[in-house]
Amino acid sequence: MRKMLAIIAAKISIILGKILGKKSSSTPGTIARKICPDILKHLAKQVKEKTILVCGTNGKTTTTNLLYSLIKNEGKEVVCNNVGANMLDGITCAFVTKASIFGKLNADYAVLECDEAYLRHVVKHVNADRIVITNLFRDQLDRYGEIDATVKLLDEAFSNIKNDFELILNGDDPLCAHYADKYKAKFYGISEDKNLKKNEIKEGRFCLKCQSELSYNFCHYSQLGDFYCPKCGYKRHAPHYDAVNIDLDNKMKFDIKYNNHTITLDVNYKGFYNIYNILAAFSAYNELGLDLTNINNVFNSYKPQIGRMETFRINNKDVILNLSKNGAGFNQAISTLINDQREKDVFFVLNDAPSDGTDITWLWDVDFEYLKNANINSIYSGGIRKDDLAIRILYAGFDNVKVMDNTKDNLKDIIFASDRPVYLLVNYTALFDTQNILKSLEKSSK
């Protein structure tokens, strides 16, 4: 009776939230867990096949939704927290949404995005068959601390899992790859040098085995690349899923080599980092043994989640919204700006609410200096910490940063001022409001 009451209350909360224009992706789970603390455990054990958790600093929402799309394409029923509510309440909400009011769950698979710090709590309720780790970067320093704290939290979570499980690791990240010393794992990676290396601060620059500084045959970005330790011999594992023959000239085209097979992917995605997201999703999907026939169609029909290089057509031009929430994410967004050769305007928005992380010292890890290569006409700085952001960009060599609030009127003025495309790089608490503004402007300009 308690389980039924929890589900009914949560479903009512979902309906009311949608009526009020809310996402209703987490609060219903909070309600359900208060009424019945073991509701998640009860529902999660009903998954018929496999449960896959996706963790990591950047890319976990995209990876989760790509994997969800691949499995759904095979006609399977899947539980998924698609919008990225990735703590216990959000994951509970995903299960409650899928369940009947009687507590019955019709699900072949569960694909769940999970916050790195919360994984140790989630695995007490959910039996994880596979766990994908995308990467580990500095993020929300006030919450996570330095990256070594996150590494330890994940290790704690893995050590407490009672069932048999397999890790799917970004083998180009030395912080991820080292887990294979203790747990069963498969690796994915990019085995060719695309000459992307920049003068970036690398979170994982020291060997986790002997604490010596790592060396690289080549580096893609941040600490991701073909690493090795000259002192103890720790080095990158040969990937089980390897991206080669990469062509980024127009769309994104590359081969994945795996198990003596090769598959060619040709997709209209932006950002080199999306190769890693695709690799992670493909690796997890192939490990399930499902069909690969329509995989290119699935990847090409995938619609990015909110703010993942999300494109709007406003005033007959592209307006691109991207979530950039930490140093590594900003640097990859800047790389995307550079690869887009068109003259453009860029609006950066930085908030420091608890959900964003109140410590913004990571701004000085961002390579704003490279914006000089991005063919930018105008740079704008907005958000609660717009002045701090403007000062950082000023120190990067730009003395014409325009500081303003990211209101609808200001965004409209910028977008309608010319035929140049506009990029908006925002962090978390600015994302949904900005998207709503762009949706409204897109609708009114048609």
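So, Asn-260 lies in the loop between β10 and β11, where strands, like helices, are DSSP runs numbered from the N terminus (E, at least two residues, for strands; H or I, at least four, for helices). Asn-260 has a positive phi of about 65° although it is not a glycine. At 84% relative accessibility, Asn-260 counts as exposed; the cut-offs are over 50% relative accessible area for exposed, under 20% for buried, and partly exposed in between, with a 1.4 Å probe and protein chains only.

Asn-259 sits in that loop too, with β10 covering 252-258 and β11 covering 261-267. Asn-259 is another non-glycine with a positive phi, about 45° here. Its relative accessibility is 48%, so Asn-259 counts as partly exposed.

A quick word on what we're looking at. This is a predicted model, where local features need pLDDT of at least 70 and side-chain atom pairs count only at pLDDT 80 or more, while totals for chains, interfaces and linings use all residues. Residues are numbered from 1 along each chain as its sequence is written, and side-chain values use heavy atoms, with hydrogens and water left out.

Okay, over to Asp-318, which is in strand β13, residues 317-323. Which side chain does Asp-318 join in a polar contact of 2.9 Å? That's Arg-313. A polar contact here is a pair of N or O atoms within 3.5 Å; within protein, one must be able to donate a hydrogen and the other to accept it, and residues adjacent in sequence count only if both atoms are side-chain atoms. If we skip neighbours within four places in sequence, Asp-318 is in contact (heavy atoms within 4.5 Å) with Thr-311, Phe-312, Arg-313, Arg-342, Pro-421 and Val-422.

Next, helix α8. Buried in α8 are Ile-147, Thr-150, Val-151, Leu-153, Leu-154, Ala-157 and Phe-158. They cover an arc of only 160° around the axis, which puts them on the same side of α8; that arc is taken from the directions from the helix axis to the C-beta atoms. Why would that spacing work? An α-helix has 3.6 residues a turn, so residues three or four places apart point the same way.

Zooming out, the protein chain has 15 helices and 17 strands. Its radius of gyration, over C-alpha atoms, is 22 Å, close to the 22 Å from the globule rule for 446 residues, so the chain is as compact as a globular protein of that length. That rule is 2.2 Å times the number of residues to the power 0.38. And 58% of the 446 residues count as buried.
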